[in-house]
Each structure stands twice: as C-alpha cells, then as structure tokens.
Amino acid sequence: MPASLPPTPAAAHAVSAYPAEDLRVHTGANAGDPLASPADSVCGDYYRLAEGATPLTLMLDLDSPDGEGRLAPGSERGNPGDPVRLEGRLSLMAPDGDLVEVLVVNLGAARVALPLSPLLTRHVYSLIATDPTPGPIRLAAVVAGAFARGTRVALADGRQCPVEDLAPGDALVTRDHGAQVLRWKGAVTLRAEGGFAPVVVQPGVMGNPGPLVVSPHHRLFLYRRDARNLTGAAGLLVQARHLVDDSAILRREGGHVEYFSLVFDAHEVIYAEGVPCESLMVCPSVLTRLPEDLAAPLRAAFPGLSQRLHSGADLAPEMVSRLPDRPGARLPLRP
C-alpha cells in the first residue's frame, strides 16, 4: 500500500455520532442547553435531535497502548490520535416507550452523543436515567458485520439456508478454507433508521439472485485487478455503506431490522446470496465493544481467541473514492 495512504488501524471501529449542539434539552430544568456530561444532566428533562441533524462518522481505535481510546484516520471530527473518553451514558425513552442508550463521549475539544440505537428527529425523548461512570466504550459491534433476516447463506453441501435458520455446528463454504463449521451466531433487533438502516444490494447487481441485505459497516469482498496499484491488493474488503448509489444499492429505512452475525474459528469470507462477505471478526477489541450479554457467551466459546483480519485490503473511507470507477457509481465490481 502506498506510504501516502496509511491504512485505518485494524482495531478502528466506525460509529455514527452527533455533535452535542445537535442534541439539546427541549423542555425541563436545562431547557435550551446542548448535551452535557451525565453528571450534569437532570432526569425528567426532554431532549430533541435538531431538524436536519447529520451524524458524523468517527473511526475509534479502542486498542491504543496507553489503554485510552483514540480517533483513527477517517473520522469527520478531530484529528487522528486525539483522545476519546467516555463520560458516561444517558437512558432516553421515546414517546412509544422505546429505550435509547446514548454514550456521552469527550473528544477533547468537543463532546458528542453516540446513540446505541437510532435517534429520530421527530421524537422528543425523556431522560429517565443517567450513569456518570467513565470506563471502556462498549458498542453494539455485532452489527458491524451482520446479515438481515432472510439473507440466504451457502452451506458446504450447496444448499442456501436463511441466516436465521443457521445453528452452531453447521458447515458453511468459505472462499479460502473450504468447508468451515459455524461456531457462534448472535442476533440483535434495532430500529432501521439512520446509521442502523440496512444496505440493500438489489437482485442481479453483483450476480446475486435475491436481494443482499446487510448492516452498513458489513464488509463485502470484491475483486478489482485495477485496484492493486492503489491498495496493494486486488481483493478488497469494502463496507456496504460505501457502495450505496441510491439506485442499485440503497439504504432501507423504516420499521425494525433483525441482524445476525456469524463467527468461525478464523475471520472468514463466506457467501451470502452468492456474494462473498465477511464473518464477524473476534478479537479483544471486538469483545470490549459488545454488550455483556453478547460478549459473555463469545468469551466462553472462544477463550483466548484473537482472530486476524482477512488478507483482503481493508479500505479506509478516504480511499474508496479514489478507486478507479468508484464502487457504487457504475458498479463495475464483481465478487
């Protein structure tokens, strides 16, 4: 890879966050104030996301040697290497009773809200609980590489099985290591809004007979011979969100989406709707981001396991637009 384009660290995790000024107290004791630290927040206040608020993409490196989180290359706020500190969390309740947990994160020069499920601009949220305890940033990373319900995955015997029907012990075909046994499957249901809305690859766009529906940060394995000069490899791991062109590949918002993540003994490339896609990579940085009810069974199933990223070039966001015939424009990509 060219020295002028350093790769995003393997531990970096893409998240969507809102500047503090976009999430203000609508009514209550602190009416008009932007998001404050949990220690200074007042239960009973009502919050509202500003109309037209656009989430920032932050790349978080949670494995820095000093134990602190850092911003990684590709973040839309701050500079690579800036410290990232968790100030605590807020529990907000929507009018329909849906609970949204928001991490309050300090980037040094700015404070941001990192919602663990979607915040909607048309809702007014009641603050029902605060937790001012700092600590490691835990993210619902299971959606980083996840398939939506109904997605068909190739078994080793050639059958196509809906992802929700898979079970540990099933043998799936992989791109590089033949038949591999599924070790673990995780599931999470989220509102299909904002940064949590799935990406849909329409039938036929990548040779897929049916729609391929994945989480936005799920990486697809694509072969591009002409990308070798840019990335150092012809095999590319590209996040689905970078392929969106609002026509052949689009975001599907509305309702809820059930995501499933698949884990093997190694980080594998498997076939979903005929398209090679990554499995969930298990390593300490992933385990520290998962909610405890997901992290605990993974630790039990994989004691001491630390998988390495698949050998395909993992594209940082700023590199995607530099590919010849940018992915998602005329879609010259084929698995």
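This is a predicted model: local features need pLDDT of at least 70, side-chain atom pairs count only at pLDDT 80 or more; totals for chains, interfaces and linings use all residues.
## Threonine 174

Let's start in strand β13, which spans residues 171-174 and holds threonine 174. With a relative accessibility of 5%, threonine 174 counts as buried, because the cut-off for that label is under 20%.

The side chain of threonine 174 has polar partners on the backbone. One of its polar atoms lies 3.0 Å from the backbone nitrogen of histidine 177, and the side chain also reaches the backbone oxygen of glycine 178 at 2.8 Å. Beyond four places in sequence, threonine 174 touches Gln180, Glu268, Val269, Ile270 and Tyr271.

## Nonpolar cores

The largest nonpolar core has 29 residues, and Phe147, Leu166, Leu172, Leu212 and Leu262 have the most contacts inside it. Elements giving two or more residues to this core include β21 (256-263) and β22 (269-272). Another core, of 19 residues, lies apart from it, with Leu49, Ala94, Val100 and Leu120 among its members.

Leucine 262 is worth a look on your screen. Leaving aside neighbours within four places in sequence, its contacts include Phe147, Leu166, Leu172, Trp184 and Ile270.

## Salt bridges

The whole structure has 11 salt bridges. In one of them, the side chains of arginine 149 and glutamate 258 meet at 2.7 Å, N to O. Arginine 149 sits in the loop between β10 and β11 while glutamate 258 is in strand β21, so this pair ties together parts 109 residues apart in sequence.

Arginine 159 and aspartate 157 also pair, at 2.8 Å, and both residues are exposed. Arginine 175 bridges to aspartate 176, with the closest N and O atoms 3.0 Å apart. Elsewhere, shared partners join Arg85, Glu87 and Arg111 into one network.

Technical notes
Residues are numbered from 1 along each chain as its sequence is written. Side-chain values use heavy atoms; hydrogens and water are left out. Helices (H or I, at least four residues) and strands (E, at least two) are DSSP runs, numbered from the N terminus. Buried means under 20% relative accessible area, exposed over 50%, partly exposed in between (1.4 Å probe, protein chains only). A polar contact is a pair of N or O atoms within 3.5 Å; within protein, one must be able to donate a hydrogen and the other to accept it, and residues adjacent in sequence count only if both atoms are side-chain atoms. Contact means heavy atoms within 4.5 Å. A nonpolar core is a set of buried Ala, Val, Leu, Ile, Met, Phe, Trp, Tyr and Cys residues joined through side-chain atoms within 4.5 Å. A salt bridge is a side-chain nitrogen of Lys or Arg within 4 Å of a carboxyl oxygen of Asp or Glu.
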